[in-house]
Amino acid sequence: MFLSTDMEGTAGVVDWGQVRGPAQEYEYYRGQLQAEVNAAIDGALAAGATEFLVNDSHSTMQNLRPDELHGRAGYLSGRHKPLYMMEGLDDSFDAAMFISYHGAASSTSSVLFHTYNPRAIAEVRLNGTLTGEAGINALVALAYGVPVVLISGDRVTIDEAQPFCPGIESVVVKESVSHNAARSVHPETARELIREGAHRALDRLPDVRPPAIALPAELTIRFHNQAFADLACALRDVEKVDDRVVAIRNDDPLHLFRTFIATVFLSRAVTD
Ligand SMILES: [Zn+2]
């Protein structure tokens with residue numbers, strides 16, 4: 001079982017100050033995230049899963065405590081991973097889960113919504129449909145033929161993932177009120193829902209297919225300004241659509257993802 005874990009989609013989280021360290025608030029919420037990740041592992045364990053790899057995918061990607069991970073999960077952490085939020089996935093995995101994910105850049109009212117680099121990316125579409133990180137990351141799962149079986153976060157995040165991962169088991173832990181406000185279930189309820197969701201997801205595994213993304217696929221990226229688009233066009237297979245928009249078309253989902261990630265890294269050179 002492969003788990004890609006973000007942080008903005010954890011029950012109770014509504015503010016950047018809660019998901020960026022060092023800060024007292026962050027220390028509290030990283031514990032909440034850890035408990036949600038463990039709940040997913042517990043549910044999968046109960047359904048018969050035996051091996052786990054957790055790829056920490058939030059911010060500097062070192063938010064969890066390895067010795068506190070359930071299921072003797074392996075822990076992939078730290079920055080500058082070529083496959084970023086999907087680093088570590090390959091065709092040896094039976095299933096993937098997206099825990100504590102958040103809404104896409106240009107979402108309406110999803111807590112802390114963004115797509116990879118909020119300072120550069122205004123919107124991403126995959127085959128014409130608005131996508132957040134879940135849909136983009138699903139390209140890697142498609143490349144390796146691995147079904148994405150569970151996603152947790154607010155309702156907007158889940159609605160945005162559905163077109164690319166039809167039938168995905170969805171756990172809504174909060175309803176966003178705005179980009180900085182949400183009504184969350186109690187953390188214990190969130191963990192229960194995630195645990196049950198993970199169990200159900202694996203029970204249904206024989207019926208779940210890898211992501212449904214028609215190939216060749218097209219990613220279009222709208223940047224906040226032209227400089228990012230110009231930079232992205234330095235990459236092979238990236239074409240300018242208009243001043244701020246570029247398109248990447250390919251029949252290899254992994255190549256598409258890698259090229260997208262390269263545009264993210266390039267944009268970070270300007271914004272970080
Ligand atoms: Zn994050």
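1. Glu8 has a relative accessibility of 3%, so Glu8 is buried (buried is under 20% relative accessible area, exposed over 50%, partly exposed in between, with a 1.4 Å probe and protein chains only). Asp6 is buried too, at 3%. Please keep in mind that this is a predicted model, where local features need pLDDT of at least 70, side-chain atom pairs count only at pLDDT 80 or more, and totals for chains, interfaces and linings use all residues. Numbering runs from 1 along each chain as its sequence is written, and side-chain values use heavy atoms, with hydrogens and water left out.

2. The zinc ion takes its protein donors from Asp6 (OD), Glu8 (OE), Glu8 (OE) and His58 (ND1), at 1.9 to 2.4 Å. Donors here are N, O and S atoms within 2.8 Å of the metal (3.2 Å for Na, K and Ca); water is not among the atoms, so sites may look incomplete. The sequence spacing of the donor residues is D-x1-E-x49-H.

3. Glu192 sits in helix H4 (residues 187–203), a DSSP run of H or I with at least four residues. Glu192 is partly exposed, at 42% relative accessible area.

4. The domain assignment, automatic or from a database, gives domain 1 (2–113 + 132–207) and domain 2 (217–271). Their C-alpha centres are 25 Å apart. For the interface between domain 1 and domain 2, the rule finds 0 salt bridges, taking a side-chain nitrogen of Lys or Arg within 4 Å of a carboxyl oxygen of Asp or Glu.

Technical notes:
Helix = DSSP H or I, 4+ residues; strand = E, 2+ residues; numbered from the N terminus.
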